[in-house]
Amino acid sequence: MSTTDAPPPTPGIQPAPASVAAGSGPAPTAVTAPAPDPADTPDSPARRLRHNADFRRFWFGEGVSLFGSQITALALPLTAVLTLGAGPEELGVLRFLQLVPFLLFALPFGVWVDRSRRRPVLIGANLARLVLIGAVPLLATVDQLHLWALFAVTFGVGVATVLFDVCWMSYVPVLVRDPKQLVVANGKLGATSSAADAAGPSLGGALVGALTAPVTLALDALSYLVSTIALALIRTREPVPPAPARRRRLSAELGEGLRWVIGDGYLRAIALVGAACNFITAGVQSLFLVYVVSDQGLDPALLGLVFSVGAVGGIGGALVTSRLLARFRLGRVYVGSLAVAFAACALIPVVGGTPPVRVALYTALYLLMFGGVTTGNIVVLSLRQTITPRALLGRMNAAMRMLMVGFGAIGAPVGGVLGGAIGVRQALFVMSAAAIVMLVPILLSPVGRLRQMPPPAAEPADAS
């Protein structure tokens with residue numbers, strides 16, 4: 001669970017008139033309703049989005065690859081343990097190699113995405129993952145699979161995943177042209193991501209048990225083939241990004257996404273709250289595993305049930321976001337959803353009672369956490385796509401991914417060190433206190449004061 005750019009993972013933003021970009025002429029009017037009419041009238045954004053065949057193709061392909069990614073997240077470490085006899089140190093290296101590409105490559109990939117048409121980049125990233133993951137069962141078949149090869153595959157898949165993640169958020173606005181459909185499209189993608197979170201681990205475990213981990217990875221490779229075919233069938237023509245008026249240095253473009261995020265009040269607030277949320281939730285989840293299994297003796301199978309059922313809350317959050325935005329101010333939905341998520345996170349160490357009661361309470365808290373974070377994700381992703389010029393979308397998304405994934409990666413080891421120093425339950429209380437403190441910047445955030453979606457961003461005169 002995280003307030004990343006989630007899903008994973010929409011709609012096109014029409015640029016403001018040139019006079020607005022130049023600072024003259026009448027100010028644009030705000031986009032009226034960012035959410036569809038609850039009655040789902042024939043002219044509602046939800047109804048019109050259903051007729052967008054290219055978005056449906058992208059949505060289907062993204063859904064298949066998301067389920068495949070969840071299977072990989074389980075099958076790769078199980079391959080290391082069951083096939084290669086890896087220990088906890090090797091698994092730690094695998095996790096590091098999976099996350100470190102976000103810190104190393106997110107910003108340069110953002111520049112690449114803004115300079116290129118996005119669909120070929122997405123297809124290339126999928127094909128790279130197909131080849132890399134497909135190599136594992138092939139190497140295992142000929143008895144040439146070694147731990148160093150699995151490390152290399154994990155790092156390569158991580159690099160391709162960074163490229164895909166940075167690119168897709170900038171590509172969907174090409175497929176969906178109406179800004180009023182933003183929340184609807186993001187809600188569909190968010191629900192699919194939450195469904196993959198809920199069902200993926202269970203499906204992956206069943207496949208590994210029935211087919212072995214390497215063979216399961218072969219099926220995952222096929223999921224990226226399906227996603228690639230879906231992308232190839234998209235017919236919407238994507239214009240080539242205009243060449244900059246003057247030659248620009250890569251270093252200048254690398255910093256432009258960060259400067260845009262830091263310089264915009266809404267984006268700066270989203271980044272700070274999201275990074276802190278990822279830090280806290282990563283720390284809580286790493287401590288939670290040790291706490292409930294080692295300290296409370298909870299059966300690992302029941303723990304998997306807690307996570308899978310809890311992830312269903314994300315589906316619910318995605319399904320109700322449009323209706324919430326139709327009834328309440330955008331800022332209230334943002335504040336309320338994240339307040340629910342942080343409050344649920346803070347209650348974890350106070351749960352008590354018999355094992356069945358604890359399982360029920362943990363599941364309820366995870367339902368609230370996933371639901372709140374998913375709703376908040378959809379709101380802020382739609383806001384980010386609206387207020388960022390299309391020429392900067394790739395770099396903005398890359399800067400967000402680097403900041404949020406970086407803080408999420410730090411949260412887990414910090415939680416572990418804290419748990420070793422003062423005890424796991426005490427460390428959970430510290431993280432709970434941090435979650436409660438985070439309610440203050442959420443309440444003070446300028447996003448919380450928004451009544452509705454701001455007007456679409458104007459394209460800069462010198463688009464790069």
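Accessible areas here come from the Shrake-Rupley method with a 1.4 Å probe. The model is a predicted one. I looked up the surface: the accessible area of the protein is about 19,100 Å², and carbon and sulfur atoms hold 68% of that. Of the 464 residues, 52% are buried.

Fold. I found 16 helices and 0 strands.

Salt bridges. I counted 3. One pairs Asp 54 with Arg 57, with 2.6 Å between the closest N and O atoms. Both residues sit in helix H3 (residues 53-83), and because they are 3 residues apart, about one helical turn separates them. I checked burial for this pair: Asp 54 is buried at 7% relative accessible area, while Arg 57 is partly exposed at 26%.

I then turned to Asp 114. Asp 114 bridges to Arg 118, closest N and O atoms 3.0 Å apart, and to Arg 395 at 2.7 Å between the closest N and O atoms. The Asp 114–Arg 395 pair links distant parts of the chain, helix H4 (residues 88-115) and helix H14 (residues 393-422), across 281 residues. Shared partners make one network of Asp 114, Arg 118 and Arg 395. Asp 114 and Arg 118 are buried, and Arg 395 is buried as well.

Cysteines. How many disulfides does the count give? I got 0. I looked at Cys 345: its sulfur is 7.7 Å from the closest cysteine sulfur, that of Cys 277, so the two are too far apart for a bond; the cut-off is 2.5 Å. Cys 345 is buried at 2% relative accessible area. Cys 167 is also buried, at 0%.

Definitions and conventions
Residues numbered from 1 in each chain as written. Predicted model: local features only at pLDDT ≥ 70, side-chain atom pairs only at ≥ 80, totals over all residues. Heavy atoms only, no water. Buried < 20%, exposed > 50% of the residue type's maximum accessible area, 1.4 Å probe, protein only. Helix = DSSP H or I, 4+ residues; strand = E, 2+ residues; numbered from the N terminus. Salt bridge = Lys/Arg side-chain N within 4 Å of Asp/Glu carboxyl O.
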